[in-house]
Each structure stands twice: as structure tokens, then as C-alpha cells.
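Visitor: Hi, could you walk me through this one? I'd like to start with the surface and see where that takes us.

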Amino acid sequence: MSDWGPVFVAVTLFVLLTPGLLIQIPGRNRVVEFGTFQTSGVSVIVHTLVYFTLVCILLLALQIHMYIA
């Protein structure tokens with residue numbers, strides 16, 4: 001059996017935390033913007049840090065595992 005938990009968590013967070021898709025921190029005109037489909041270098045850095053933090057928490061601290069037979 002293979003562990004699909006890390007793959008599922010990483011792909012889900014990557015899609016949800018894509019800058020400009022659902023939320024953009026910091027936005028171009030405001031601190032937080034929703035659904036703008038635009039991005040900037042600063043928001044890419046912020047979203048990368050949030051992504052890394054959440055992946056570490058979910059995979060290392062909570063030890064999420066999914067075994068699919």
C-alpha cells in the first residue's frame with residue numbers, strides 16, 4: 001500500500017492557495033482581495049510561506065495518512 005496523504009494535502013493546498021484564485025494577500029489595492037485572478041511577486045512569496053507552513057503542520061504535526069488499496 002502506498003501513502004497518498006501527502007499527495008492529497010499538497011495538491012489540495014496548492015490549488016486553494018494559488019495567488020489570485022480565491023484570495024490574494026497582499027492585494028494590489030487592499031490588504032486582502034478575493035477572486036482577482038491577478039498576482040504580484042509579494043503575494044507569491046506570502047502564499048509560498050503560508051503553503052509551506054500549512055503543509056508542515058498537516059503532514060508533520062497531525063500526521064495525515066491515506067492508504068488506498
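**The nonpolar patch and beyond**

Guide: Happy to. Trp4, Val7, Val11, Phe14, Val15, Leu16, Leu21, Leu22, Phe37 and Ile68 together make a nonpolar surface patch of about 980 Å². Please keep in mind that this is a predicted model.

Visitor: Which helix gives the most to the nonpolar patch?

Guide: That is helix α1, residues 5–16, with five residues.

Visitor: And Leu21, where is its place?

Guide: Leucine 21 sits in the loop between α1 and β2. Its relative accessible area is 34%, so leucine 21 is partly exposed.

Visitor: OK. What is phi of glutamine 63 near?

Guide: Phi of glutamine 63 is near 50°, again a positive value in a residue other than glycine. Glutamine 63 lies in the loop between α2 and β4, the strand of residues 67–68. With 51% relative accessibility, glutamine 63 counts as exposed.

Visitor: Let's stay with the backbone. Which peptide bond is cis?

Guide: The one from isoleucine 25 to proline 26 is cis, with omega near -15°. Proline 26 belongs to the loop that runs between β2 (23–24) and β3 (33–34). As a rule, most peptide bonds are trans.

Visitor: Is serine 43 buried or exposed?

Guide: Serine 43 is buried, since its relative accessible area is 0%.

Visitor: What about histidine 47, where does that lie?

Guide: Histidine 47 lies in helix α2. At 5% relative accessibility, histidine 47 counts as buried, because buried means under 20%. Residues up to four places away in sequence aside, histidine 47 touches Leu17, Thr18, Pro19, Ile23, Gln24 and Ile25.

Visitor: Gln24 keeps coming up. Which side chain does a polar contact of 3.0 Å join to that of glutamine 24?

Guide: The side chain of threonine 36. Threonine 36 is found in the loop between β3 and α2. Beyond its neighbours within four places in sequence, threonine 36 is in contact with Gly20 and Gln24. The C-alpha atoms of threonine 36 and leucine 21 are separated by 6.8 Å, although these residues are 15 apart along the chain.

Visitor: And how does threonine 36 count for accessibility?

Guide: Threonine 36 counts as partly exposed, because its relative accessibility is 24%.

Visitor: Off to the start of the chain, then. Where is the place of methionine 1?

Guide: Methionine 1 is in the segment before β1, which covers 2–3. With a relative accessible area of 81%, methionine 1 is exposed. The C-alpha atoms of methionine 1 and tyrosine 67 are separated by 6.3 Å, with the two residues 66 apart along the chain.

Visitor: Now zoom out for me. What pattern does the chain follow along the sequence?

Guide: The pattern is β-α-β-β-α-β, from two helices and four strands.

Visitor: How does the radius of gyration look beside that of a compact globule of 69 residues?

Guide: The chain has 14 Å, whereas a compact globule of that length would come out near 11 Å. Along the principal axes, the C-alpha atoms fill a box of roughly 50 × 20 × 15 Å.

Visitor: One last thing: among contacts between residues at least 6 apart in sequence, how many join residues at least 24 apart?

Guide: The share is 47%.

Key:
Residues numbered from 1 in each chain as written. Predicted model: local features only at pLDDT ≥ 70, side-chain atom pairs only at ≥ 80, totals over all residues. Heavy atoms only, no water. Buried < 20%, exposed > 50% of the residue type's maximum accessible area, 1.4 Å probe, protein only. Contact = heavy atoms within 4.5 Å. Polar contact = N/O pair within 3.5 Å; in protein donor to acceptor, adjacent residues only side chain to side chain. Patch = residues over 30% accessible without salt bridge, like charges linked within 9 Å, V, L, I, M, F, W, Y side chains within 5 Å. Areas by Shrake-Rupley, 256 points an atom, 1.4 Å probe, with all protein chains shown as cover. Salt bridge = Lys/Arg side-chain N within 4 Å of Asp/Glu carboxyl O. Rg over C-alpha atoms; globule rule 2.2 N^0.38 Å.
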